[in-house]
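User: Hello! I would like to learn how to read the features of a model like the one below. Could you take me through it step by step?

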Amino acid sequence: MNKKRASIAFASLCLIATLKAWKKNKCLKRNKKQWWIRPGLRHRATSGFYSTLRFKLRQQNPQWFNNFVRMSCEDFDYLVEHLTPYIGKSNTRFRKAISVGERLAVTLRYLATGDSFSSLMTVFLIGKTTICHIVHETCAAIFTALKDKFLKVPNTPGQWAEVADQFAKRWNFPNCCGALDGKHIMIQAPANCGSEYFNYKKFNSIVLMALVDAEYKFLFVEVGAYGRESDGGVFARCTLSTALADNTINFPPRRPLPNEADPMPFVIIADDAFPLKPYILKPFSYREQVMSHKIFNYRLSRARNVVENVFGICAARFRILRRPMDVKPENAKTIVLAICVIHNFLISTNSSYLTRTDTDNEINGELVAGNWRLELGPNGKLISLRASTTLDRPADDAINVRAAFMEYFMTPYGEVPWQYNRTIIHNSF
């Protein structure tokens, strides 16, 4: 009886050992690469875009190259030079490294078109997994390399005063240090995320919060808040909100509005999605308005239109913003930050990136829509944060500051000649 039990136990152990060995061999076979490089991708050096068409485009028709990567040859070379310390790779005896220029071209094409990694694979003859790594690494490098020069928040009273002078000169809105707004950036729902990213427009998103100057440049950007968060919650947790509330943003001391005697604070202008503060101006309620309220709303909307233009121009130039990003939220954040700093870089270095017809303009007080509106159409714009529905009464200081600006815009030296004709249709901005 004992011999029979022993033989059964031995047979069981042998069977278990055989199954383990079989599973191990199966796993090894499954993980073993079928090839080092796919056969269709082995001729990248002779047939890929970067090694063939790039030279022809640059020499024969630079505008085509500009359309392909959304920047001139000179700007492209500048970025290659400054990104080399961050993403440059060394050749090995097994294969040559993908150059910095090719990595940048792949990334810019992805941002410009929003094409899938599989689609880019057929153009550049680079594996889609490799392209995925290249895009995320290069976007992070772009932001790191350029942010200190092209996306730096003003940190002295003098720098903020220069921003305010731009708004006064260009948009007739004195003591304004920027236009603030937030937009939803579409993403694919991450695994096991529940409803964290599901916003009021019924799609998944992260929030881009931005402050813009009068020259259509980003002054401050923050990306990554959950799409489901309320408007007030997103701004309350924003670092800009904290800096404004603590008065650590280094705004200049109060100064009178032109031809006025009483000192007025420097402010940021925003829409209904933000709270009324002594340092943030928002429109009056659009219900049962008196003429002075209509004029204030028109003047604020007219100046705040710069931030709408910036978002629209970015979405028109970089179409990845117009479709759900099929990447992790942290990678989507890196992509958006890279787009913001590239936008500032191109405005500073490329005079053809942003022309007069690209932005909204006024001719004798009449709005002329910019080219970005025609390209995006009525349904192509980025989605704004939901308008505030809070019933909390603003502080008296905030109410008084807004009233003072309203009164100033009604005076002969604070008005613009056409404002009384535009108050009825100010929402066109």
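Analyst: Happy to. One term comes up at once: a residue is called buried when its relative accessible area is under 20%, and exposed when that value is over 50%. Please also keep in mind that this is a predicted model.

User: With that cut-off in hand, what share of the protein chain counts as buried, and how many helices and strands are there?

Analyst: Of the 429 residues in the protein chain, 48% count as buried. The chain has 16 helices and 10 strands.

User: Let's take a helix. Which residues of helix α11 are buried?

Analyst: An α-helix has 3.6 residues a turn, so residues three or four places apart point the same way. Now the case: helix α11 covers residues 239-246, and its buried residues are Leu240, Ser241, Ala243 and Leu244. These four span an arc of only 165° around the axis, so they sit on the same side of α11. Ala245 and Asp246, on the other side of α11, are exposed.

User: What covers the buried residues of α11?

Analyst: The cover includes strands β1 (176-186), β2 (205-212), β3 (218-226), β6 (267-269) and β7 (280-281), together with helix α10 (231-236).

User: Can we zoom in on one of them? What does leucine 244 touch?

Analyst: Leucine 244 belongs to helix α11 and is buried, at a relative accessible area of 5%. Setting aside residues up to four places away in sequence, leucine 244 touches Phe235, Ile249, Phe251, Ile268, Tyr279 and Ile280.

User: What comes after α11?

Analyst: Asparagine 247 follows α11, and its phi is positive, near 60°. For the general idea, most residues other than glycine have a negative phi. Asparagine 247 lies in the loop between α11 and β4 (255-256) and is exposed, with a relative accessible area of 58%.

User: Asparagine 175 also has a phi near 60°. Is asparagine 175 buried or exposed?

Analyst: Asparagine 175 is buried, with a relative accessible area of 1%. Its place is the loop between α9 (157-171) and β1. Another positive phi, near 55°, is found at leucine 125, which follows α7.

User: Speaking of α7, at what angle do α7 and α8 pack?

Analyst: To read a helix pair, look at the angle and at the distance between the axes. Helix α7 (residues 117-124) packs against helix α8 (residues 128-150) at an angle of about 100°, and their axes are 9 Å apart. The two helices are therefore roughly perpendicular. Phe117, Ser118, Leu120 and Met121 of α7 make the contact with Lys128, Ile131, Cys132 and Val135 of α8. By class, these residues are six nonpolar, one polar and one charged.

User: And which residues of α7 are buried?

Analyst: Those are Phe117, Leu120, Met121 and Phe124. Their arc around the axis is only 110°, so they lie on the same side of α7.

User: At what angle do α12 and α15 pack?

Analyst: Helix α12 (residues 291-317) and helix α15 (residues 396-409) meet at about 95°, with 9 Å between their axes. That makes them roughly perpendicular to each other. On the α12 side the contact involves Ser292, His293, Ile295, Phe296 and Arg299, and on the α15 side Arg402, Phe405, Met406 and Phe409. This contact has five nonpolar, two polar and two charged residues.

User: To finish, which residues touch the most other members of the largest nonpolar core?

Analyst: In that core of 125 residues, they are Phe76, Phe167, Phe218, Met325 and Phe405. Beyond four places in sequence, phenylalanine 76 is in contact with Tyr50, Arg58, Phe65, Val69, Met71, Gly101, Leu104, Ala105 and Leu108.

Terms used: Residues numbered from 1 in each chain as written. Predicted model: local features only at pLDDT ≥ 70, side-chain atom pairs only at ≥ 80, totals over all residues. Heavy atoms only, no water. Core = buried A, V, L, I, M, F, W, Y, C linked by side-chain atoms within 4.5 Å. Buried < 20%, exposed > 50% of the residue type's maximum accessible area, 1.4 Å probe, protein only. Contact = heavy atoms within 4.5 Å. Axes fitted to C-alpha atoms, helices over the stretch in contact; angles between N-to-C directions. Parallel < 35°, antiparallel > 145°, perpendicular 65-115°, else oblique. Nonpolar A, V, L, I, M, F, W, Y, C, P; charged D, E, K, R; others polar. Arc of directions from axis to C-beta.
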